[in-house]
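Thanks, everyone. Please have the sequence and the structure up while I talk.

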Amino acid sequence: MTTVYLNGRHLPKEQALIPVEDRGFIFGDGIYEVVRVVEGRIFAWDAHAARMANGLAGLRIDATGADSATLRAACERLIADNGLAGGEATVYLQVSRGAAPRTHHFPPAGTPTTVYAAASPFKVNPALRTQGARAITQPDIRWARCDLKTVNLLGPVLARQAAVEQGAYEALLHRDGMLTEGAATNAFFVLDGVLRTYPLSHYILPGITRQVIMDVLGAIGIGCDERPVPLVDLPRVSEVFVCGTTTDVTPVVAVDGRAVGAGTPGPVTLRIKEAFEQRLYAK
Ligand code: PDD
(Lines give C-alpha, C1' and ligand atoms only; values in the text may rest on other atoms or scores of the structure.)
Protein backbone atom coordinates (compact mmCIF):
# COMPACT_ATOMS: atom_id res chain seq x y z
CA MET A 1 0.00 0.00 0.00
CA THR A 2 1.38 3.40 -1.00
CA THR A 3 1.21 5.99 1.75
CA VAL A 4 1.60 9.75 1.40
CA TYR A 5 1.94 12.68 3.78
CA LEU A 6 -0.79 15.31 3.90
CA ASN A 7 -1.08 18.09 6.48
CA GLY A 8 0.74 16.29 9.26
CA ARG A 9 -0.69 12.80 8.65
CA HIS A 10 0.63 9.70 6.91
CA LEU A 11 -2.24 7.95 5.14
CA PRO A 12 -3.01 5.66 2.19
CA LYS A 13 -2.70 7.52 -1.11
CA GLU A 14 -6.36 6.89 -1.97
CA GLN A 15 -7.46 8.60 1.23
CA ALA A 16 -5.36 11.72 0.69
CA LEU A 17 -7.90 14.25 -0.61
CA ILE A 18 -7.50 17.95 -1.33
CA PRO A 19 -10.42 20.44 -1.44
CA VAL A 20 -11.38 21.58 -4.94
CA GLU A 21 -10.79 25.17 -3.84
CA ASP A 22 -7.14 24.53 -3.05
CA ARG A 23 -5.16 27.42 -4.48
CA GLY A 24 -2.55 25.00 -5.78
CA PHE A 25 -5.30 23.63 -8.07
CA ILE A 26 -7.01 26.94 -8.89
CA PHE A 27 -3.99 29.25 -9.32
CA GLY A 28 -0.87 27.07 -9.26
CA ASP A 29 -0.26 29.00 -6.03
CA GLY A 30 2.39 26.89 -4.36
CA ILE A 31 6.00 25.78 -4.11
CA TYR A 32 7.41 22.30 -4.69
CA GLU A 33 10.63 20.35 -4.35
CA VAL A 34 11.92 17.06 -5.70
CA VAL A 35 14.64 15.34 -3.66
CA ARG A 36 16.71 12.31 -4.55
CA VAL A 37 17.11 9.36 -2.22
CA VAL A 38 19.93 6.83 -2.48
CA GLU A 39 19.70 3.80 -0.18
CA GLY A 40 17.54 5.73 2.25
CA ARG A 41 19.82 8.77 2.31
CA ILE A 42 18.27 12.06 1.13
CA PHE A 43 20.78 13.84 -1.11
CA ALA A 44 21.50 17.51 -0.31
CA TRP A 45 18.50 17.90 2.02
CA ASP A 46 19.61 21.18 3.59
CA ALA A 47 19.96 22.86 0.21
CA HIS A 48 16.49 21.69 -0.89
CA ALA A 49 14.93 22.80 2.40
CA ALA A 50 16.60 26.19 2.13
CA ARG A 51 15.35 26.67 -1.44
CA MET A 52 11.84 25.71 -0.38
CA ALA A 53 11.91 28.18 2.53
CA ASN A 54 13.13 30.87 0.14
CA GLY A 55 10.35 30.05 -2.34
CA LEU A 56 7.66 30.17 0.34
CA ALA A 57 9.00 33.50 1.55
CA GLY A 58 9.10 34.75 -2.05
CA LEU A 59 5.40 33.92 -2.51
CA ARG A 60 4.58 35.05 1.06
CA ILE A 61 3.15 31.61 1.93
CA ASP A 62 3.12 30.76 5.65
CA ALA A 63 5.84 28.17 6.31
CA THR A 64 4.18 26.77 9.46
CA GLY A 65 4.20 22.98 9.19
CA ALA A 66 6.70 23.16 6.34
CA ASP A 67 9.92 23.72 8.29
CA SER A 68 12.99 21.69 7.40
CA ALA A 69 12.81 19.30 10.39
CA THR A 70 9.10 18.49 9.91
CA LEU A 71 9.46 17.89 6.18
CA ARG A 72 12.60 15.83 6.57
CA ALA A 73 10.94 13.58 9.15
CA ALA A 74 7.95 13.20 6.80
CA CYS A 75 10.27 12.24 3.91
CA GLU A 76 12.16 9.72 6.02
CA ARG A 77 9.00 8.02 7.17
CA LEU A 78 7.63 7.94 3.59
CA ILE A 79 10.83 6.27 2.41
CA ALA A 80 10.66 3.66 5.18
CA ASP A 81 6.89 3.01 5.03
CA ASN A 82 6.93 2.61 1.25
CA GLY A 83 9.82 0.13 1.22
CA LEU A 84 12.20 2.54 -0.55
CA ALA A 85 15.13 2.49 1.87
CA GLY A 86 17.11 -0.01 -0.19
CA GLY A 87 17.38 1.45 -3.68
CA GLU A 88 16.85 4.77 -5.43
CA ALA A 89 13.82 6.97 -4.91
CA THR A 90 12.54 10.51 -5.17
CA VAL A 91 10.31 12.44 -2.82
CA TYR A 92 7.99 15.13 -4.17
CA LEU A 93 7.00 17.88 -1.71
CA GLN A 94 4.46 20.62 -2.27
CA VAL A 95 3.10 23.46 -0.15
CA SER A 96 0.18 25.48 -1.46
CA ARG A 97 -1.46 28.59 0.00
CA GLY A 98 -4.39 26.39 1.06
CA ALA A 99 -8.10 26.20 0.23
CA ALA A 100 -10.39 29.21 0.23
CA PRO A 101 -13.12 30.74 -1.99
CA ARG A 102 -11.47 31.99 -5.17
CA THR A 103 -9.99 35.48 -5.00
CA HIS A 104 -6.81 36.55 -6.74
CA HIS A 105 -5.57 38.23 -3.58
CA PHE A 106 -4.48 36.12 -0.60
CA PRO A 107 -7.12 34.26 1.44
CA PRO A 108 -7.84 35.42 5.01
CA ALA A 109 -4.91 35.24 7.41
CA GLY A 110 -4.85 31.91 9.21
CA THR A 111 -6.07 29.89 6.20
CA PRO A 112 -4.12 26.63 6.64
CA THR A 113 -1.64 25.80 3.90
CA THR A 114 -1.73 22.39 2.20
CA VAL A 115 1.46 20.42 2.84
CA TYR A 116 1.90 17.27 0.77
CA ALA A 117 4.73 14.78 0.18
CA ALA A 118 4.98 11.45 -1.62
CA ALA A 119 7.85 9.05 -2.32
CA SER A 120 8.31 7.01 -5.50
CA PRO A 121 10.86 4.50 -6.71
CA PHE A 122 13.38 5.99 -9.16
CA LYS A 123 15.26 4.25 -11.94
CA VAL A 124 18.19 5.87 -13.72
CA ASN A 125 18.05 5.52 -17.51
CA PRO A 126 21.64 4.35 -18.16
CA ALA A 127 21.50 4.91 -21.94
CA LEU A 128 20.62 8.57 -21.48
CA ARG A 129 23.41 9.06 -18.94
CA THR A 130 26.14 7.31 -20.92
CA GLN A 131 25.23 7.78 -24.59
CA GLY A 132 23.69 11.21 -24.10
CA ALA A 133 20.40 12.86 -24.94
CA ARG A 134 18.98 14.90 -27.80
CA ALA A 135 17.62 18.37 -27.13
CA ILE A 136 15.75 21.06 -29.03
CA THR A 137 15.71 24.82 -28.47
CA GLN A 138 12.55 26.65 -27.45
CA PRO A 139 11.75 30.26 -26.53
CA ASP A 140 11.70 30.75 -22.74
CA ILE A 141 8.12 31.96 -22.25
CA ARG A 142 8.16 31.63 -18.44
CA TRP A 143 7.50 34.50 -16.03
CA ALA A 144 10.30 36.62 -14.61
CA ARG A 145 10.69 34.75 -11.28
CA CYS A 146 12.08 31.44 -12.49
CA ASP A 147 14.20 31.35 -9.32
CA LEU A 148 11.08 30.39 -7.34
CA LYS A 149 10.19 26.71 -7.72
CA THR A 150 6.46 27.27 -8.14
CA VAL A 151 4.03 24.57 -9.24
CA ASN A 152 3.03 26.84 -12.13
CA LEU A 153 4.98 24.96 -14.81
CA LEU A 154 3.24 25.72 -18.08
CA GLY A 155 6.33 27.03 -19.87
CA PRO A 156 8.29 23.87 -19.05
CA VAL A 157 5.28 21.64 -19.77
CA LEU A 158 4.87 23.07 -23.29
CA ALA A 159 8.62 23.06 -23.96
CA ARG A 160 9.06 19.43 -22.83
CA GLN A 161 6.06 18.36 -24.90
CA ALA A 162 7.62 20.01 -27.97
CA ALA A 163 10.83 18.09 -27.22
CA VAL A 164 9.01 14.78 -26.88
CA GLU A 165 7.12 15.39 -30.12
CA GLN A 166 10.47 15.90 -31.86
CA GLY A 167 12.00 12.77 -30.37
CA ALA A 168 14.18 14.72 -27.94
CA TYR A 169 14.63 14.50 -24.18
CA GLU A 170 15.00 18.13 -23.17
CA ALA A 171 14.26 21.63 -24.43
CA LEU A 172 16.99 24.24 -24.01
CA LEU A 173 15.25 27.56 -23.37
CA HIS A 174 16.38 30.96 -24.65
CA ARG A 175 15.39 34.44 -23.53
CA ASP A 176 16.66 37.71 -25.00
CA GLY A 177 18.97 35.73 -27.29
CA MET A 178 20.65 33.85 -24.42
CA LEU A 179 20.37 30.18 -23.46
CA THR A 180 18.95 30.14 -19.92
CA GLU A 181 18.39 26.52 -18.81
CA GLY A 182 16.49 23.37 -19.70
CA ALA A 183 12.73 22.98 -19.21
CA ALA A 184 13.46 20.98 -16.03
CA THR A 185 17.26 21.10 -15.83
CA ASN A 186 20.14 23.55 -15.61
CA ALA A 187 22.41 23.62 -18.65
CA PHE A 188 26.19 23.86 -19.04
CA PHE A 189 28.09 24.51 -22.28
CA VAL A 190 31.73 24.35 -23.38
CA LEU A 191 32.44 27.27 -25.70
CA ASP A 192 35.96 28.11 -26.90
CA GLY A 193 37.28 25.58 -24.38
CA VAL A 194 35.59 27.28 -21.41
CA LEU A 195 32.76 25.81 -19.32
CA ARG A 196 29.85 28.26 -19.10
CA THR A 197 26.44 28.39 -17.48
CA TYR A 198 23.76 31.05 -16.98
CA PRO A 199 24.39 33.08 -13.79
CA LEU A 200 22.05 32.81 -10.79
CA SER A 201 19.31 35.39 -11.31
CA HIS A 202 15.52 35.61 -11.58
CA TYR A 203 15.73 33.87 -14.97
CA ILE A 204 16.83 30.39 -13.86
CA LEU A 205 16.10 28.00 -11.04
CA PRO A 206 19.03 27.81 -8.60
CA GLY A 207 19.39 24.06 -9.12
CA ILE A 208 20.71 22.00 -6.23
CA THR A 209 22.53 19.74 -8.71
CA ARG A 210 24.03 22.89 -10.30
CA GLN A 211 25.17 23.96 -6.81
CA VAL A 212 26.76 20.56 -6.09
CA ILE A 213 28.45 20.63 -9.52
CA MET A 214 29.95 24.07 -8.76
CA ASP A 215 31.42 22.57 -5.61
CA VAL A 216 32.66 19.47 -7.47
CA LEU A 217 34.30 21.68 -10.13
CA GLY A 218 36.43 23.33 -7.47
CA ALA A 219 37.55 19.92 -6.24
CA ILE A 220 38.52 18.63 -9.70
CA GLY A 221 40.07 21.90 -10.85
CA ILE A 222 37.72 22.87 -13.68
CA GLY A 223 36.75 26.54 -13.87
CA CYS A 224 33.28 27.75 -14.79
CA ASP A 225 32.32 31.10 -16.23
CA GLU A 226 28.82 32.03 -15.02
CA ARG A 227 28.01 33.96 -18.18
CA PRO A 228 25.12 33.34 -20.59
CA VAL A 229 25.82 31.60 -23.89
CA PRO A 230 24.20 33.39 -26.85
CA LEU A 231 21.84 31.20 -28.85
CA VAL A 232 23.72 32.18 -32.02
CA ASP A 233 26.88 30.59 -30.61
CA LEU A 234 25.26 27.19 -30.20
CA PRO A 235 26.75 25.81 -33.45
CA ARG A 236 30.24 26.54 -32.04
CA VAL A 237 29.59 24.89 -28.67
CA SER A 238 31.69 21.73 -28.31
CA GLU A 239 29.89 20.18 -25.30
CA VAL A 240 26.53 20.52 -23.60
CA PHE A 241 25.18 18.82 -20.52
CA VAL A 242 22.03 19.26 -18.48
CA CYS A 243 21.66 18.50 -14.78
CA GLY A 244 19.00 18.09 -12.15
CA THR A 245 17.70 15.94 -9.33
CA THR A 246 16.34 13.28 -11.68
CA THR A 247 18.81 13.96 -14.50
CA ASP A 248 22.15 13.94 -12.63
CA VAL A 249 24.71 14.94 -15.29
CA THR A 250 23.22 14.03 -18.67
CA PRO A 251 25.32 14.76 -21.77
CA VAL A 252 23.50 16.41 -24.67
CA VAL A 253 24.85 15.09 -27.95
CA ALA A 254 22.56 16.81 -30.47
CA VAL A 255 20.55 20.04 -30.46
CA ASP A 256 17.86 20.73 -33.05
CA GLY A 257 19.10 17.72 -35.02
CA ARG A 258 22.71 18.98 -35.23
CA ALA A 259 25.50 17.07 -33.47
CA VAL A 260 27.19 18.80 -30.54
CA GLY A 261 30.96 18.44 -31.04
CA ALA A 262 31.68 14.90 -32.20
CA GLY A 263 28.11 13.84 -31.38
CA THR A 264 29.25 11.87 -28.34
CA PRO A 265 29.64 12.92 -24.68
CA GLY A 266 32.67 15.22 -24.44
CA PRO A 267 35.68 14.92 -22.10
CA VAL A 268 34.77 17.82 -19.78
CA THR A 269 31.22 16.50 -19.37
CA LEU A 270 32.48 13.00 -18.61
CA ARG A 271 34.89 14.22 -15.91
CA ILE A 272 32.15 16.26 -14.23
CA LYS A 273 29.67 13.41 -14.54
CA GLU A 274 32.03 10.98 -12.84
CA ALA A 275 32.89 13.39 -10.02
CA PHE A 276 29.21 14.25 -9.48
CA GLU A 277 28.19 10.59 -9.34
CA GLN A 278 30.88 9.94 -6.74
CA ARG A 279 29.20 12.58 -4.55
CA LEU A 280 25.70 11.29 -5.19
CA TYR A 281 26.53 7.69 -4.39
CA ALA A 282 29.03 8.39 -1.57
CA LYS A 283 28.19 6.35 1.55
N1 PDD B 1 13.21 20.13 -11.86
N2 PDD B 1 15.76 24.12 -13.73
C3 PDD B 1 14.45 23.83 -13.73
C4 PDD B 1 13.53 24.72 -14.51
C5 PDD B 1 13.96 22.71 -13.04
O6 PDD B 1 12.64 22.43 -13.03
C7 PDD B 1 14.88 21.87 -12.34
C8 PDD B 1 14.45 20.68 -11.56
C9 PDD B 1 16.24 22.22 -12.38
C10 PDD B 1 17.28 21.43 -11.63
O11 PDD B 1 17.18 21.67 -10.26
P12 PDD B 1 17.65 20.58 -9.18
O13 PDD B 1 19.05 20.26 -9.47
O14 PDD B 1 17.45 21.28 -7.89
O15 PDD B 1 16.73 19.40 -9.34
C16 PDD B 1 16.64 23.34 -13.07
C17 PDD B 1 12.65 19.09 -11.03
C18 PDD B 1 13.53 17.91 -10.85
C19 PDD B 1 11.25 18.74 -11.50
O20 PDD B 1 10.53 19.67 -11.83
O21 PDD B 1 10.87 17.57 -11.51
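Start with Thr 209: a polar atom in its side chain sits 2.5 Å from an oxygen atom of the ligand. A polar contact here is a pair of N or O atoms within 3.5 Å; within protein, one atom must be able to donate a hydrogen and the other to accept it, and residues adjacent in sequence count only if both atoms are side-chain atoms. Taken alone, the ligand exposes 470 Å², and the protein buries 89% of that. Those areas come from the Shrake-Rupley method with a 1.4 Å probe, and for residues only the protein chains shown count as cover.

Before going on, the ground rules. This is a predicted model, in which local features need pLDDT of at least 70 and side-chain atom pairs count only at pLDDT 80 or more, while totals for chains, interfaces and linings use all residues. Residues are numbered from 1 along each chain as its sequence is written, and side-chain values use heavy atoms, with hydrogens and water left out.

Back to the ligand. Which residues come nearest? Of the 18 residues around the ligand, they are Tyr 32, Glu 181, Ile 208, Thr 209 and Thr 245. Tyr 32 has a polar side-chain atom 2.6 Å from a ligand oxygen. For Thr 245, a side-chain N or O atom is 2.5 Å from an oxygen atom of the ligand.

Strands are DSSP runs of E with at least two residues, helices are runs of H or I with at least four, and both are numbered from the N terminus. Two strands pair if DSSP finds at least two bridges between them. Strand 3, residues 30–38, and strand 5, residues 88–96, are antiparallel and share 9 bridges.

The sheet itself is open, with 6 strands in the order 2-1-6-5-3-4 and antiparallel pairing. Strand 2 (9–12) and strand 4 (41–42) are the edges; each has a single partner strand, so one side of each is left without a neighbour in the sheet.

Helix 2, residues 45–59, lies across strands 3, 4 and 5, at about 175° to strand 3. For that angle, axes are lines fitted to C-alpha atoms, for helices over the stretch in contact, and angles run from 0 to 180 degrees between N-to-C directions. Asp 46 belongs to this helix. Asp 46 is exposed, at 58% relative accessible area. On the cut-offs used, buried means under 20%, exposed over 50%, and partly exposed in between, with a 1.4 Å probe and protein chains only. The C-alpha of Asp 46 is 20 Å from that of Tyr 5, which is 41 residues away along the chain.

Tyr 5 brings us to strand 1, residues 3–6. Are its faces covered or open? Both are covered: Thr 3 and Tyr 5 are buried on one side, Val 4 and Leu 6 on the other. Strand 1 is antiparallel to strand 6, residues 114–121, with 2 bridges, and Tyr 5 is the bridge partner of Ala 117 there. On the strand 2 side, 4 bridges join the antiparallel pair, with Leu 6 opposite Arg 9.

Thr 114 is in strand 6. Thr 114 is buried, with a relative accessible area of 9%. Its side chain makes a polar contact of 2.5 Å with the side chain of Asp 22. Leaving out residues up to four places away in sequence, Thr 114 touches several others, including Leu 6, Asn 7, Ile 18 and Gln 94; touching means heavy atoms within 4.5 Å.

Most residues other than glycine have a negative phi. Strands 1 and 2 form a hairpin with 2 residues between them, and Asn 7 in the turn has a positive phi of about 50°. Asn 7 is partly exposed, at 43% relative accessible area.

Asp 192 is exposed, at 58% relative accessibility. The two strands are antiparallel over 4 bridges, and Phe 188 has Thr 197 of strand 11 as its bridge partner.

Terms used:
A residue is near a molecule or strand if one of its heavy atoms lies within 4 Å of it.
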